[in-house]
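Morning, everyone. Please bring up the structure on your screens. I will talk through some helix packing, then a pocket.

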Amino acid sequence: MAMTRARRLLGRLHLWFASLVVLAIWILAMLLAVRPGMKALFDFSPQARFSVSPATAELLAGLGRGGARQLELHTFFEPLNETPRTADEAHVRQLRQRLQVLTRDLLQRYQYLGGEAVKVVHHDLLRDVAGTRAAATAFQVQTPNVVVVQLDRRSKILSVDYDLADIDIPDPQRQPTPGGQRAALPVLRDFKGEEAISSAIKSLLVEGTPTVYFVTGLAEPSLRDGTADAYSELVHALEQEGLRCQTLDLERVGSVPEDATVLALMEPRRELSQHASDAVLAYLRRGGRLLLNVSYWLVPEDWNPTFGRLGAALGLAIGEDVVYHLVEDPARPGTGMSGVPAVQNLRITELSPAHPVTRQLLRAGRVPELKAGREVQALARPPEGVSVDTTLLRTRPFAWLARRTAGPGGEPEANFFSPPDREAYASRSVGAVATLANPAGREGVAVIISAAGFNNAGMKVNGDLALNLFQWLAERKELVSVRGERYVARKLDATAQQIERTGWLLIGGVPGLLLLTGIVVLWRRSRA
Amino acid sequence: MSTILTTLAKELMSYFFSPVAYVIAVLFYLFRGLEVHGQVRAMAALGADRDLFSTVYMISPSSNFMVVLVPAILTMRCFAEERRSGSLEVLMTAPVREREVVLGKWLAALVFFAVLWLPTLPLLLLLNSEFFLAQDLPYGPVLTGYLGLTLLGAFLLAVGCWTSSLTDNQLLASLTAMLFNTALLVGPDMLGQQLGAQAQEWPWHVLLDQTRVRDHLVSWFCRGLVDTAQLTFYLGGAVFFLFLTTKSLEARRWR
């Protein structure tokens with residue numbers, strides 16, 4: 001009897017001990033599995049929206065390596081607890097909810113990659129009123145739907161609606177039509193959260209705020225309008241990356257301010273006067289940085305300044321004619337065609353592998369798409385102390401220079417047809433860098449981009465090139481990188497008939513099929 | 001190995017020829033059909049992002065039914081019934097190892113659980129066809145969601161096997177398993193709230209994050225993400241409870 005009891009006790013002890021050992025192994029494995037070196041994440045989500053660009057991954061890993069840097073990302077979302085009363089309200093709520101989900105998803109990835117160096121806090125006004133209010137006061141948050149990026153003691157506030165997303169906002173004046181059609185509603189075009197948050201982190205990483213002066217008074221496109229040809233997106237993106245943007249009426253002021261880190265002329269349509277050109281040259285000779293972006297206008301003809309005086313001093317010449325390129329013939333792949341407006345579009349596949357700006361784009365396989373270009377050529381004999389590199393951006397080899405032709409009424413007309421002469425085709429430069437030696441200090445640098453592509457219409461494709469050029473000119477080389485892909489929202493559009501068919505399949509078809517299978521199997525079983 | 005395969009085949013046959021299995025499948029797909037159809041209508045009316053569909057498709061409320069109830073129902077008779085009828089004694093005196101019997105029964109339940117979910121995959125293919133929605137709905141989150149649910153199923157079925165090995169009452173075994181499954185779904189969040197700020201500290205935050213199965217499904221697997229750290233929890237959990245089941249059967253020898 002005693003032996004049996006002892007055996008039972010021993011058995012129980014063995015059972016408990018073995019179970020505890022296995023439990024300990026399981027817990028240990030869980031603790032080990034979350035260590036950054038031991039875990040891996042595989043992303044099969046649509047558009048791989050959890051996968052950030054290598055540049056962002058490197059940025060977050062760098063924070064972790066430094067050890068001392070603590071990145072905090074705080075969200076202040078609008079509570080979406082009220083039931084929408086109308087279909088329009090439901091639509092807006094759905095859009096807001098989607099933005100919140102996309103932002104949370106992105107931050108989840110940041111936290112995953114940053115490990116202990118990244119902390120994400122979602123402040124919920126419904127769950128923790130006092131805590132949320134205290135945090136909002138501390139970060140000076142005044143409106144909901146923002147993300148606060150805090151690195152060490154510096155912080156930056158990003159709006160989810162404006163900085164992280166591209167939303168098509170309809171005209172508020174538009175009323176529902178008498179036929180009952182609803183007024184247009186806001187639509188999420190794409191989500192650019194990674195771009196905005198990573199830019200904010202990078203801008204917090206570097207000290208100081210360089211100033212970019214945009215030269216005005218040369219009939220250039222607006223810097224503030226939201227139209228396709230304006231430059232508001234570029235200005236906004238630069239500000240997001242920590243650069244201060246100012247305007248400068250050079251003709252009136254007569255000199256470039258001392259605090260100008262970069263001087264930018266975006267698509268000027270008038271020549272600089274002699275004294276303004278001299279002011280720019282003086283600025284460059286004392287180590288200034290210039291970005292001159294010109295393009296081609298069919299009409300009026302005098303909207304195509306060549307900046308001869310400035311160009312001569314920089315050792316290069318900007319052509320008057322437009323650069324066109326053969327486009328691929330969809331009917332015969334591999335062959336080129338012309339005679340269509342698409343010949344204006346220049347896919348810049350020839351990027352300088354030596355330049356830090358274009359090297360990054362080459363690595364990432366990003367191809368700038370410019371249009372309305374003019375050729376920029378190096379002068380045979382550049383001025384002393386000036387070196388010119390015209391390999392920054394070049395077209396593919398089938399580009400030609402087209403001249404205006406006169407239409408039936410004598411008005412200028414674009415001639416999209418390619419010339420018959422084979423000699424007319426060549427790879428043409430639309431981007432050059434001129435460096436001016438400065439014995440007294442740092443050298444002056446001028447970047448000439450002679451095609452349009454950095455305006456609002458082109459920023460989505462060419463944003464990396466534009467921002468990298470500015471960062472490189474501002475000598476913030478660590479910020480020259482390739483930004484993440486944007487998440488493009490795709491609407492679910494289904495007709496009433498399609499939805500009805502889906503209902504039949506889901507509610508009738510599948511359960512019915514399973515029921516039938518069950519009956520057949522059980523009937524056959526009973527017969528067997 | 002042959003014992004495992006023999007037990008697997010025998011148990012699978014009993015699942016596929018059981019009316020209960022078909023009742024579960026029909027009810028599940030009927031509820032699921034109603035839910036998904038409602039979602040399609042709502043998303044089309046709101047012009048919602050179609051990339052959301054796959055996530056919504058996998059984590060509809062009926063999935064909770066499948067997670068909480070089905071593993072418990074499938075495994076309740078694994079050992080409890082054999083114990084009640086006395087066939088377990090016969091089985092245990094046969095020249096087979098306990099762990100082989102346990103693995104065979106668990107694998108059979110897992111295969112059946114995975115098969116129950118299987119129609120979700122061809123169904124999405126059908127929905128993507130021209131005749132139905134023709135929307136290019138993404139497959140990635142559905143496949144990873146399927147993986148996540150199968151892993152969770154593997155874990156919960158192991159729990160079910162263990163509770164079934166403890167008693168000869170099927171109802172008690174299934175109720176205990178259901179209770180455990182529910183606790184696993186809501187417990188970590190409640191515990192996190194109870195712990196307050198301490199929940200953010202090591203090792204609590206790691207253990208709590210690792211055990212938040214609902215969050216794993218909703219925020220990771222059903223969005224197309226597979227985190228190897230989470231796999232450790234499910235596979236380790238299944239191994240742990242299968243070990244307990246084996247030990248529970250072995251303990252009968254000492255009585």
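Let me start with a definition. An axis here is a line fitted to C-alpha atoms, for helices over the stretch in contact, and angles run from 0 to 180 degrees between N-to-C directions. Two packed helices are described by the angle between their axes and the distance between the axes. Keep in mind that this is a predicted model.

Now the helices. Take chain A. Helix H3 of chain A covers residues 87-114. H3(A) packs with H5(A) at an angle of about 45°. Their axes are 10 Å apart. So H3(A) and H5(A) are oblique to each other. The crossing of this pair, H3(A) and H5(A), is right-handed.

Next, chain B. Here we have helix H5, residues 70-85, and helix H9, residues 140-166. H5(B) and H9(B) pack at about 30°, and their axes are 7 Å apart. Roughly parallel or roughly antiparallel? Angles under 35 degrees count as roughly parallel. H5(B) and H9(B) are therefore roughly parallel to each other. H5(B) passes H9(B) in a right-handed crossing.

The next pair joins one helix from each of chains A and B. H12(A) passes H8(B) in a right-handed crossing.

How much space lies in the second largest pocket? About 930 Å³. It is lined by 36 residues, and closest to its centre are A:Asp166, A:Lys192, A:Glu233, A:Met459 and A:Arg486.

What kinds of residues line this second largest pocket? By class, 15 are charged, 12 nonpolar and 9 polar. In chain A, strand S6 (165-168) and helices H5 (193-205), H6 (232-240) and H11 (459-473) each supply at least two of the lining residues. H11(A) gives the largest share, 6 residues.

Last, the domains. Domain 1 of chain A, 46-170 + 184-190, and domain 2, 210-475, each give at least three residues to the lining of the second largest pocket.

Notes: Residues numbered from 1 in each chain as written. Chains lettered and ligands numbered in written order. Predicted model: local features only at pLDDT ≥ 70, side-chain atom pairs only at ≥ 80, totals over all residues. Heavy atoms only, no water. 1 Å grid on protein atoms, 1.4 Å probe; cavity = no way out; pocket = protein on both sides within 12 Å on 5 of 7 lines; lining within 4 Å. Points joined across faces, edges and corners; volume = space filled by probe spheres on them. Helix = DSSP H or I, 4+ residues; strand = E, 2+ residues; numbered from the N terminus. Nonpolar A, V, L, I, M, F, W, Y, C, P; charged D, E, K, R; others polar. Domains from an automatic or database assignment. Parallel < 35°, antiparallel > 145°, perpendicular 65-115°, else oblique. Left-handed = near helix turned anticlockwise from the far one by under 90°.
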